[in-house]
Amino acid sequence: MAVYTLKVNGTNRQVDVDPATPLLWVIREHLHMTGTKYGCGVAMCGACTIHLNGTAVRSCQMPISAIGNREITTIEGLSENGEHPVQKAWLEYDVAQCGYCQTGQIMTASALLKTTPNPTDAQIEAAMSGNICRCGTYLRIKEAIKAAAKK
Amino acid sequence: MSANNTINRRRFIQVSALAGGGMLLSFNLLSGCKPAATRGAAALELPKEWFEFNGYLKIGDNGLITLMSPNPEIGQNVKTSMPMMVAEELDVNWKDVIVEQASLNTDLYKPMQIAGGSTSVSASWNAMRIAGATARDMLKQAAANEWKVPVSEIETIEGKLIHKASGKSAGYGAFASAASKLAVPEKVTLKKPKDFKIIGTSRKNVDGQKIATGKPLFGLDYKEEGMLIAMIVHPPAFGLQLKESDISAIKSMPGITDAFFIDVYPDRKKKQWCDVAAFSKILAIVGKTTWQVMQAKKSFKSETEPIKTITDKVDVFGTMMDVITPAGFENTTTHKEQMAATPKQVKTVRKDGDPEGAFKKASVVIERHYSCPFLAHNTMEPMNFFANVKDGKAMLVGPVQTPSFMEQSVSDRLGIPIDKVDVKMTRMGGGFGRRLYGHFLVEAAIISDRVKAPVKLIYTREDDMTTGVYRPAYFATYRAALDENKNLIAFHVRAGGIPENALMANRYPAGAVENYLAEEWAIPTNISVGAFRAPASNFIAGAEQSFLDELAEAMGKDPIEMRLELFEKAKSKPVGKDNDYNADRYAGVLKLVKEKSEWGKTEPGIARGVAAYFCHDSYVAHVVDISMKDNKPVIEKITTAVDCGIVINPDAATNLSEGAVTDAIGHAMYSGMTFTNGVPDQSNFDKYRMIRNSEAPKKIETHFVKSETDPTGMGEPSGPPVIGALANALYKAMGKRFYAQPFMVENQPVFS
């Protein structure tokens with residue numbers, strides 16, 4: 001066990017965990033935030049996507065010992081009450097079916113729009129193809145990203 | 001979790017249709033109840049007091065309405081569409097409505113709280129509307145009593161009671177208390193479809209905001225004070241069982257509080273249909289955090305032994321059946337050979353006319369073989385459940401599609417009376433049939449009972465993908481006989497599978513062909529299987545519709561015209577008995593898709609395929625447009641026509657249909673579970689291919705047949721036929737027919 005100070009959603013948080021613990025489980029079970037989801041544990045589904053210094057990463061494959069002082073943003077820190085343009089577009093297009101993968105989709109999409117404010121269809125597809133949606137809402141995800149890009 | 005989503009008092013509603021078409025309604029006492037803190041209503045000012053009318057709704061003194069959604073929510077959006085049905089008859093403004101997930105209450109919610117067979121909306125169509133209409137009539141009566149006017153003169157609109165003649169009006173909140181104390185009317189009148197104000201209008205997912213902001217909605221998010229985490233270890237191969245071995249090493253690992261072997265279903269004589277579990281003897285590991293339990297699980301080297309043939313006595317909806325699990329280690333390569341060879345024992349299910357004679361005198365006989373692999377459901381939220389068993393009671397919370405059945409299983413296994421077992425449903429990260437089979441509830445309950453603490457059982461993705469309950473592997477042979485004028489004179493389907501087949505003997509084209517033969521066969525397996533979104537249809541629709549396309553080509557006919565001619569025959573001069581489809585509605589969706597897709601129009605670089613199918617009482621037709629880029633097919637557009645009767649929530653139904661289409665295309669193109677000596681070759685998304693964003697259709701246009709027929713299934717019917725339309729478009733685009741799923745087996749990167 002070791003003590004780590006993490007910068008999470010703008011606040012310093014201390015946790016005492018095994019250094020190999022993936023950030024996903026630290027966020028869910030030690031920091032008690034449920035928006036970051038467990039889907040595969042091997043960085044192949046995207047449900048656990050968070051931002052590390054603004055870049056989308058899979059938190060299930062990121063040991064806490066490798067974080068250092070990089071800033072972590074989870075879906076809870078993306079906006080106060082869902083005011084982020086991507087979140088608003090998700091509601092406007094009523095994207096979700098079961099909803100489980102959608103926080104990961106939103107985190108990947110919001111990171112994409114930061115670096116690529118007006119993405120082409122091909123850029124959206126490339127960025128979003130690491131996030132599985134078993135319900136098949138891909139088309140609405142794309143439409144919502146395009147709508148958010150305009151805002 | 002909302003604090004007030006348990007209805008403690010058991011109440012009931014009994015509904016039966018009267019000869020005149022009216023509805024008889026009786027239910028017991030009504031009572032006011034104290035306000036409770038309700039989340040998710042930030043924009044609404046909560047009432048000081050709620051008045052409960054029946055298990056379906058409560059009205060606050062300020063006119064705010066709480067509607068309970070009885071059925072499990074797996075992403076089919078019933079948590080929005082079912083309360084919409086109550087709100088319609090109650091006559092309220094949808095913005096004044098709060099929706100809560102009801103807990104399991106078998107006395108109150110009829111016919112059944114289940115997510116399966118696309119039945120939630122159709123089965124509760126009357127019950128939900130009657131619940132709303134009853135409360136509305138009681139509010140009217142309360143106002144009539146107070147205003148001393150005839151109740152027939154009172155109108156309701158958007159949560160208001162109005163008496164035009166006297167100019168009196170009041171909100172529902174003002175009369176909620178008085179109304180809740182009145183006698184329940186014996187009859188209520190339901191609205192005609194033309195008067196609907198909420199049904200048939202698009203309403204957003206009531207959980208949309210919580211989903212987009214990551215609020216705790218799912219089973220994996222649920223927790224209680226003092227809760228421990230549990231995981232299981234199961235044998236690495238089908239055909240093996242765990243042997244008890246030394247577990248002292250893992251017990252001393254960091255964070256581990258206990259480990260022990262359990263037998264989930266020791267009594268093989270009385271299992272329910274949903275008690276499917278390939279591995280009954282498993283190791284349970286309990287600890288403080290998920291990561292710690294995962295480490296202990298990873299370090300454990302299990303000892304195993306081959307199983308002997310197992311016979312389970314299973315109650316399948318009242319009929320006791322023997323389910324046999326054979327010993328041995330199975331291989332996909334052997335499975336394929338066995339299926340292609342077709343077992344000797346083939347059973348005739350339906351025969352019209354003289355198919356053998358017709359095939360003998362045919363000028364042309366076409367014979368084709370179709371197949372598909374086992375599939376894992378792969379819900380994005382892996383199997384999990386919370387259990388707290390103590391003081392002779394069991395509290396279970398989590399994602400399950402069959403709460404009433406699994407309540408019984410837990411009661412049987414722990415010997416706790418059923419009224420001491422409570423089940424609460426969380427929102428589910430997908431169902432697709434996987435959570436019909438709730439062995440994980442039983443496992444969680446056994447573990448909690450043993451450690452005397454609240455426990456959340458979590459499957460890793462690998463556990464989820466390798467513990468079975470797969471879609472069966474299917475095979476079908478289709479034959480057709482044409483005379484010298486290329487007329488269809490006989491049709492033969494022989495459907496098989498491991499361990500069951502996908503035959504729908506009485507469906508189209510049965511009834512439309514003079515000489516018809518439907519046969520079936522099956523090969524036993526120890527790989528466990530279960531219902532997978534649109535069971536059986538998810539294969540047979542694609543096979544049948546691909547074959548019909550090939551048949552139309554051989555007959556020199558347009559594929560839509562050829563199908564319409566068969567429907568005309570089925571309607572004007574039906575062959576045989578028990579044809580279980582409506583030829584008019586079937587033809588209706590084909591005509592609609594023909595019009596909307598502008599069938600017959602050609603566009604350079606675009607290849608088109610068409611298909612139509614009937615399942616879950618609904619009719620769907622698709623036209624798929626494909627282009628080729630870098631030798632790979634790109635699905636440019638899908639035009640869909642759906643007849644599911646009255647559509648409750650059009651945009652949500654459109655979303656569901658789009659999803660079913662994308663889901664079905666993904667599985668047909670890319671997915672499959674294969675086995676080597678009983679070991680699953682895929683255990684996570686690195687090897688199991690799921691459709692990705694870049695492979696999804698670029699455009700889907702969904703059209704609903706305008707209808708005043710009672711609603712029918714919506715969650716499943718759009719999936720199966722699109723596989724046929726896809727295969728037919730691929731043929732036009734690539735010049736070859738695709739018979740074996742997954743169609744794209746070569747060069748499969750995990751995502752492209």
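A polar contact is a pair of N or O atoms within 3.5 Å; within protein, one of them must be able to donate a hydrogen and the other to accept it, and residues adjacent in sequence count only if both atoms are side-chain atoms. Keep that idea at hand as we walk through this predicted model, in which local features need pLDDT of at least 70, side-chain atom pairs count only at pLDDT 80 or more, and totals for chains, interfaces and linings use all residues. Residues are numbered from 1 along each chain as its sequence is written, chains are lettered from A in the order in which they are written, and side-chain values use heavy atoms, leaving out hydrogens and water.

Let us start inside chain A. Counting as contact any heavy atoms within 4.5 Å, 17 residues of domain 1 of chain A meet 13 residues of domain 2 of chain A. The size of an interface is often given as the accessible area lost when the parts come together. Buried area here is that loss, found with a 1.4 Å probe and summed over both parts. Between domain 1 and domain 2 of chain A it is about 1300 Å², and carbon and sulfur atoms give 58% of this. H51(A), I75(A) and L78(A) supply 34% of the area that domain 1 of chain A buries against domain 2 of chain A, more than any other three residues.

What holds across this interface in terms of polar contact? The rule finds seven residue pairs in polar contact between domain 1 of chain A and domain 2 of chain A (both at pLDDT 80 or more). On the domain 1 side, β3 (49–52), β4 (55–58) and α2 (75–78) of chain A each supply at least two residues; helices (H or I, at least four residues) and strands (E, at least two) are DSSP runs numbered from the N terminus. The largest share of that side, three residues, comes from β3(A).

Now to chain B, which is divided into domain 1 (2–199), domain 2 (222–312 + 377–466) and domain 3 (547–734). The C-alpha centres of domain 2 and domain 3 of chain B lie 38 Å apart, and their contact takes ten residues from domain 2 of chain B and 13 residues from domain 3 of chain B. About 940 Å² is buried between these two domains, 68% of it from carbon and sulfur atoms. F238(B), N378(B) and M465(B) supply 46% of what domain 2 of chain B buries against domain 3 of chain B, more than any other three residues.

Finally, look at where the two chains meet. The area buried between chain A and chain B is about 4700 Å², of which carbon and sulfur atoms give 55%. How many salt bridges (a side-chain nitrogen of Lys or Arg within 4 Å of a carboxyl oxygen of Asp or Glu) are counted between chain A and chain B? The count is six. E658(B) forms a salt bridge with R140(A), and their closest N and O atoms are 2.9 Å apart. The rule also finds 29 residue pairs in polar contact across the interface of chain A and chain B (both at pLDDT 80 or more). Several helices of chain A each supply at least two residues of the side that touches chain B, including α1 (23–30) and α4 (102–115). The largest share of that side, five residues, comes from α6(A).

Notes. Domain bounds come from an automatic or database domain assignment.
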